[in-house]
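This briefing is meant for a reader who is meeting the structure for the first time. It takes up individual residues, then charged pairs, then helices.

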Amino acid sequence: MTLLDKDLIAQPQLWSLVLMPGDERLDVALIPPVADEEMIWRTFAFDSATPDRRKALEDVIYENPLLLCDFKRVYCIADCGSFMALPAELDGDAVLEMGRSVLGPECEASHLLTEGCGAENAIMTQWIDEDTYAFLCRTFFNIRFYGRMGRLVEYLMSLPAHEGGTASAYALLRGKELTVVIVSGGKLLCANYFRCRGGYDAAYYILSALHTLGLDLASTRICAGGDGFAALAEELGRFAPQLSRLEPPALPYRTGRTTLDAPFDLLIFKPCE
């Protein structure tokens, strides 16, 4: 992937920088200040010879001088560590206790993000490695953190398809990574992540989740997206009569040939005004 040189943007102080660190890569989006500019995005795979994820993240950032410029705003969508959907009524102490009981040592070595996700019955928590969190805070002034699943669920909850109690299932297949979100009538029913071997595996996980929740395929709307859409649609379409493609929203900047190839999470992210 082409590195991000300082000269790529003339006035970075007018742009917004979005970082989405995962367990194996860093996704980056540079969001323009005006509608006639195009978003710039890159995906940088971490060096597999560097077992320390934080060190691998540091290397990628320092190898791309543009990322260290002064931007108008900097955001982090955390796609690393663990996440959990928890009942909305839990207070901070209860969330921590739940984290300790489920995650064990990971909880103690992580920074906790707790955020609403647009669902009336749930909140989302994201646990970020403390060293990674501290490095990003040191490197980027006034950076704002979000959990990837929380932002995705909030966007999907805002879509009108599931209003009136109708269930909708959303699936994003990116490489061998599958994200499944199922909602109904303002409530979150499922938010999960799977490693899979392709469209067949992904279709099985989706159908299994629907079966576990007691949802009828004939009446559940299923939307799929990601770079694995074709493989997923081929398998899932044999069982799901209401399968459609999950399209990104209308974008507030110019859409070039490669813009829509960006990860869905970057396309739906809206910088704060």
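Two residues are said here to be in contact when heavy atoms of theirs lie within 4.5 Å. With that in mind, and leaving aside neighbours within four places in sequence, Ala 45 is in contact with Glu 24 and Arg 25. The model is a predicted one, and the points below are grouped by topic.

**Two single residues**

- Ala 45 has its place in strand β3, which covers residues 40-45, and with a relative accessibility of 62% Ala 45 counts as exposed, because the cut-off for that class is over 50%.
- Between Ala 45 and Val 60 there are 8.5 Å in space, taken from C-alpha to C-alpha, although the two are 15 residues apart in sequence.
- Asn 64 is found in the loop that runs between α1 (53-62) and β4 (73-78), and Asn 64 is buried there, its relative accessible area being 1%.
- When residues up to four places away in sequence are not counted, Asn 64 touches Leu 3, Leu 4 and Phe 44.

**Salt bridges**

- Side chains of opposite charge can pair when their charged atoms come close, and a search of the whole structure finds 17 salt bridges.
- Asp 59 forms one of these with Lys 55, where the closest N and O atoms are 2.8 Å apart; both residues lie in helix α1, four residues apart, which is about one turn of the helix.
- An α-helix has 3.6 residues a turn, so residues three or four places apart point the same way.
- Both partners of that pair count as partly exposed, Asp 59 at 23% relative accessibility and Lys 55 at 35%.
- The side chains of Glu 177 and Arg 195 meet in a salt bridge of 3.2 Å, N to O.
- Since Glu 177 lies in strand β10 (residues 177-184) and Arg 195 in strand β11 (residues 187-195), this pair ties together parts that are 18 residues apart in sequence.
- Glu 177 counts as buried at 12% relative accessibility, whereas Arg 195, at 43%, counts as partly exposed.
- Glu 177 and Arg 195 also belong to a network of salt bridges in which they are linked with Glu 24, Arg 25, Asp 27 and Arg 174.
- Asp 201 forms a salt bridge with Arg 197, the closest N and O atoms being 3.0 Å apart; Asp 201 counts as buried at 15% relative accessibility, while Arg 197 is exposed, with a relative accessible area of 74%.

**Helices**

- Helix α1 and helix α4 (residues 130-139) pack with their axes 9 Å apart and at an angle of about 25 degrees, which makes α1 roughly parallel to α4, since angles under 35 degrees count as such.
- The crossing of α1 and α4 is right-handed, and the contact is made by Arg 54, Leu 57, Glu 58, Ile 61 and Tyr 62 on the side of α1, together with Asp 131, Thr 132, Phe 135, Leu 136 and Thr 139 on the side of α4.
- Sorted by class, the residues in the contact of α1 with α4 are five nonpolar, two polar and three charged.
- In helix α5 (residues 148-157), nine of the 10 residues are buried, so α5 is largely enclosed by the rest of the structure.
- The buried residues of α5 include the charged pair of names Arg 148 and Arg 151, along with Met 149, Gly 150, Leu 152, Val 153, Tyr 155, Leu 156 and Met 157.

Note on methods. Residues numbered from 1 in each chain as written. Predicted model: local features only at pLDDT ≥ 70, side-chain atom pairs only at ≥ 80, totals over all residues. Heavy atoms only, no water. Helix = DSSP H or I, 4+ residues; strand = E, 2+ residues; numbered from the N terminus. Buried < 20%, exposed > 50% of the residue type's maximum accessible area, 1.4 Å probe, protein only. Salt bridge = Lys/Arg side-chain N within 4 Å of Asp/Glu carboxyl O. Axes fitted to C-alpha atoms, helices over the stretch in contact; angles between N-to-C directions. Parallel < 35°, antiparallel > 145°, perpendicular 65-115°, else oblique. Left-handed = near helix turned anticlockwise from the far one by under 90°.
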